[in-house]
Amino acid sequence: MLKTQEEIFKNLIQSYGNESFDEYVNNLIKESQDKEYTKNLLASLCGVTVDNNVDYLKSLKYAISNYKEDHKVVNKIKDCSNDCVNENGKTKCELSCPFNAIFHDKKDNEIKINGNLCIDCGLCIDSCEKGCFLDKIEYIPLLNLLKSDKKIIAAVAPAIVGQFGDKANINRLRHAFKKLGFFDMVEVAFFADMLTLKEAVEFNHLVKKKDDLMITSCCCPMWVAMIKKVYSQMIKHVSPSISPMIAAGRVLKTINKDCSVVFIGPCIAKKAEAKDKDLLGDIDFVLTFAELKSIFESLNIDVENLEEDISSEYASKGGRIYARAGGVSIAVKDAVKDMYPKKYELLNSTYANGVRECKEILNKISSGDIDSNFIEGMGCVGGCVGGPKAIISKENGKDYVDEFANNSKIQVPTKSTCMMDILNKIGIESIDDFKNEEKTKIFHRNF
């Protein structure tokens, strides 16, 4: 049996493509010393849930062919010995969970996940050295779609620059996605630009004087979940906006009828966000950078040595720096300065990155001990470039993002003619229309 989950995933991709999938799965289970764990592992690597007590292979293939997106993302796939407990009796996975969703059930001496508290952030996965937790990888079900005639669009997170090598620029990445079978690849930074305009309007609406407050809901599902589940009294201050990922899905599906949209980013929690009841159907699949790396390697796609598939410049500096901590604040400040010069003088922003800082800043807001009026939160240290499924370090990721953003031909989305062309297609005819709730309904979310 192969030793690593990554190796098994790569082999599943190859066997699914060359029609040796049945043989590979059967042999893997047959050779396994822990068949229950192997079945759970295979199901997660194939992005599905399977009943291990029936015809496993038949059920696995049926689940893949009839993929349903409304499932739990992070699951415990094998029992553990609990031998990593600290002096307070807490395991590493319990300590890693910001929402106390992992607990020790003393009845059967097992570590379990409370589904009502879990937000599928995946922090427990990295904390467990024995691989007891795993998120579902949705590529195998996606393969069936990529082989069809349907238009599949890859929407890549701004943090993707530099992840696959110094020469793997945005144009070579577009070529790589087309080699995988995608119709096209777009930068989610462009849709972040749209949210920047909306957040600037929200700031103008919510902050009338220095002591007013706005908490941005852009980007991070961990930040949003923290507010909803732990600091619910703060919801009244949260801007009613979707994330750039969801905006990408909604806009692309509005102007490309019957297309499917696949988001690619550094975050497991984005898989869960796409499955939120009020957002279901906006994004069809979510892959992580780490998963994409395995996919490229298994299919022998060397991004750095591909020819560039060049597109016109459409994303701004502001949208591209959403990838790192403080980026949303900078982008919104620049937009407010351009749209509401007098209100700009009132804007005092601050940001938190990492679970500890996010909790600290929310506690300060609760106690009234904060003088900022625009609050940004990112669940990962460094922002999205520090996501659990990023390939390079957060420091290198920030450097790549900053360089790419600073070289953007468009600095502020209010100056983008391409932006207005696309907005016109969804019924927004001017920047002023962002003040119209009905016209910007596509970007709204009710918390």
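Reader: Which residues lie nearest the centre of the largest cavity?

Author: This is a predicted model, in which local features need pLDDT of at least 70, side-chain atom pairs count only at pLDDT 80 or more, and totals for chains, interfaces and linings use all residues. Residues are numbered from 1 along each chain as its sequence is written, and side-chain values use heavy atoms, with hydrogens and water left out. A cavity is a set of points, on a 1 Å grid over the protein atoms alone, where a 1.4 Å probe fits but cannot get out, and lining residues have an atom within 4 Å of a point. The largest cavity has 24 lining residues, and those nearest its centre are Cys219, Cys220, Phe263, Lys270 and Cys384.

Reader: What volume does the largest cavity have?

Author: The search of the whole structure finds 3 cavities of 30 Å³ or more. A volume here is the space filled by probe spheres set on the grid points, which are joined across faces, edges and corners. For the largest cavity, the volume is about 240 Å³.

Reader: How many residues of each class line the largest cavity?

Author: Helices α10 (221-229), α11 (244-255) and α12 (269-273) each supply at least two residues of this lining; helices (H or I, at least four residues) and strands (E, at least two) are DSSP runs, numbered from the N terminus. Ala, Val, Leu, Ile, Met, Phe, Trp, Tyr, Cys and Pro count as nonpolar, Asp, Glu, Lys and Arg as charged, and the others, Gly among them, as polar. By these classes, the lining of the largest cavity has 20 nonpolar, 3 polar and 1 charged residues.

Reader: How much space lies in the second largest cavity?

Author: Its lining includes Val74, Phe99, Asp120 and Cys124. By class, that lining has 10 nonpolar, 1 polar and 1 charged residues. The space in the second largest cavity is about 80 Å³.

Reader: Which residues are closest to the centre of the largest pocket?

Author: A pocket is an open set of points with protein on both sides within 12 Å along at least five of seven lines. About 620 Å³ of space lies in the largest pocket. Of its 30 lining residues, the closest to the centre are Cys118, Ile119, Ala272, Lys275 and Asp276.

Reader: Which element gives the largest share of the lining of the largest pocket?

Author: The lining of the largest pocket has 14 nonpolar, 6 polar and 10 charged residues. Two helices, α10 and α12, each supply at least two residues of it. The largest share, 5 residues, comes from α10.

Reader: Which residues of α10 are buried?

Author: Buried means under 20% relative accessible area, exposed over 50%, and partly exposed in between (1.4 Å probe, protein chains only). Helix α10 is mostly covered, with 7 of its 9 residues buried. Contact means heavy atoms within 4.5 Å, and what covers the buried residues of α10 includes α6, β7 (214-215), α12, α17 (355-367) and β11 (374-378). The buried residues are Pro221, Met222, Trp223, Val224, Ala225, Met226 and Ile227.

Reader: How many bridges join β10 to β11?

Author: Two strands pair if DSSP finds at least two bridges between them. Serine 349 stands opposite phenylalanine 374 in β11. Strands β10 and β11 run parallel, and the number of bridges joining them is 5.

Reader: Which element gives the most to the lining of the second largest pocket?

Author: The second largest pocket has a volume of about 400 Å³. Of its 20 lining residues, Gln5, Glu6, Leu134, Ala290 and Lys389 are the closest to its centre. Elements giving two or more residues to this lining are α1 (5-17), α6 (123-127), β4 (133-135) and α13. The most, 4 residues, comes from α13.

Reader: With which residue does the side chain of serine 294 make a polar contact?

Author: Serine 294 lies in helix α13 (residues 289-298) and counts as buried because its relative accessibility is 4%. A polar contact is a pair of N or O atoms within 3.5 Å; within protein, one must be able to donate a hydrogen and the other to accept it, and residues adjacent in sequence count only if both atoms are side-chain atoms. At 3.3 Å, the partner side chain is that of glutamate 6.

Reader: Is isoleucine 77 buried or exposed?

Author: Isoleucine 77 is found in the loop between β1 (74-76) and α5 (92-96). Leaving aside residues up to four places away in sequence, isoleucine 77 touches several residues, including Gln5, Tyr37 and Leu41. Because its relative accessibility is 3%, isoleucine 77 counts as buried.
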